[in-house]
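Here is a short briefing on one protein chain. It moves from the overall fold to a helix pair and then to local detail.

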Amino acid sequence: MIDTERIAELQAEIGAEDLSCIVSVYLEEARATLAQIAAGLTEEDHARAVHFLRSGALNIGLSGVADVAGKMTCRAASSRDDCADRFRDVLDHTMAEVTDRLA
């Protein structure tokens, strides 16, 4: 899910080109964060990583991505890989949708 109001607000404030750049940077950083999660993090570092994923997504209107990230917060270490895979799938789908909107 995409918060279309937030996307429109950001487009009006900074323009579609700059928003596209910000979304691309978030995507790169989110993928790097997912790799860190998959490699294994301490509870504290995991919480920080999930917070980054969730807050970054909310800031740029990716509400569905933020919801999935929020569900990763309290997962046991043994199920984090599954959560990271689900997050990656939702992220890819959402990013494709955002890219279409910004084109």
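Two residues are in contact when heavy atoms lie within 4.5 Å. By that criterion, residues 24 or more positions apart supply 67% of the chain's contacts with a separation of 6 or more. The model is predicted.

**Overall fold**
- The protein chain has 5 helices and 0 strands.
- Along the sequence, the pattern reads α-α-α-α-α.
- The chain has 103 residues, and 34% of them count as buried.

**Packing of α2 and α3**
- Helix α2 spans residues 16-39 and helix α3 spans residues 43-59.
- Their axes lie 10 Å apart, at an angle of about 155 degrees.
- The two helices are therefore roughly antiparallel, as angles over 145 degrees count as such.
- The crossing of α2 and α3 is left-handed.
- From α2, the contact draws on Tyr26, Glu29, Ala30, Thr33, Leu34 and Ile37.
- From α3, His46, Ala49, Phe52, Leu53, Gly56 and Ala57 take part.
- By class, the residues in this contact of α2 with α3 are 8 nonpolar, 3 polar and 1 charged.

**The two ends of α1**
- Helix α1 covers residues 4-14.
- At its start, a side-chain oxygen of aspartate 3 comes to within 3.2 Å of the backbone nitrogen of glutamate 5.
- Glycine 15 follows α1.
- The phi of glycine 15 is positive, near 90 degrees.

Notes: Residues numbered from 1 in each chain as written. Predicted model: local features only at pLDDT ≥ 70, side-chain atom pairs only at ≥ 80, totals over all residues. Heavy atoms only, no water. Polar contact = N/O pair within 3.5 Å; in protein donor to acceptor, adjacent residues only side chain to side chain. Helix = DSSP H or I, 4+ residues; strand = E, 2+ residues; numbered from the N terminus. Axes fitted to C-alpha atoms, helices over the stretch in contact; angles between N-to-C directions. Parallel < 35°, antiparallel > 145°, perpendicular 65-115°, else oblique. Left-handed = near helix turned anticlockwise from the far one by under 90°. Nonpolar A, V, L, I, M, F, W, Y, C, P; charged D, E, K, R; others polar. Buried < 20%, exposed > 50% of the residue type's maximum accessible area, 1.4 Å probe, protein only.
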